[in-house]
Amino acid sequence: MRAIFGLVSLLIVLAVTGFLVRQQMKAVQAPVPSLQVPATTDDGSAGTPAAITLPASVTPAQQSQQVQQQFKQALDKAMQTRQMPDDQP
């Protein structure tokens, strides 16, 4: 009896895991919406959000590289030192 309950519970766990994996695979294959990033002006203040539209032929690897480049550029810009009013002669 104990073996039957163990086998039934194992089958239930496998069914739930299979269902979740199938749902994840459907989500991965879904089309990716266009990226949205906030636009900034030259002085570093945030402007209105600007949409970055990508052509439909762009692969996920290219999208990933573009997002990484945008993040690196934003990080580099944020790390630049700004002059404060007290620093000016």
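Across the protein the mean pLDDT is 77, and 66% of the residues reach 70 or more. This is a predicted model, where local features need pLDDT of at least 70 and side-chain atom pairs count only at pLDDT 80 or more, while totals for chains, interfaces and linings use all residues. Residues are numbered from 1 along each chain as its sequence is written, and side-chain values use heavy atoms, with hydrogens and water left out.

On to the layout. There are 2 helices and 2 strands, arranged along the sequence as α-β-β-α. Helices (H or I, at least four residues) and strands (E, at least two) are DSSP runs, numbered from the N terminus.

Now the surface. Its accessible area is about 8200 Å², with 64% belonging to carbon and sulfur atoms (Shrake-Rupley method, 1.4 Å probe; for residues, only the protein chains shown count as cover).

A nonpolar surface patch of about 850 Å² is built from Met 1, Ile 4, Phe 5, Val 8, Ile 12, Val 16, Phe 19 and Leu 20. Patches take residues with over 30% relative accessible area and no salt bridge, joining like charges within 9 Å and nonpolar side chains (Val, Leu, Ile, Met, Phe, Trp, Tyr) within 5 Å. One of the patch members, Ile 12, sits in helix α1 (residues 2-29).

The structure has 1 salt bridge, meaning a side-chain nitrogen of Lys or Arg within 4 Å of a carboxyl oxygen of Asp or Glu. Asp 76 pairs with Lys 72, their closest N and O atoms 3.2 Å apart. Both lie in helix α2 (residues 60-79), and because they are 4 residues apart, about one helical turn separates them.

| Residue | Relative accessibility | Class |
|---|---|---|
| Ile 12 | 51% | exposed |
| Asp 76 | 39% | partly exposed |
| Lys 72 | 52% | exposed |

Conventions:
Buried < 20%, exposed > 50% of the residue type's maximum accessible area, 1.4 Å probe, protein only. pLDDT = per-residue confidence, 0-100.
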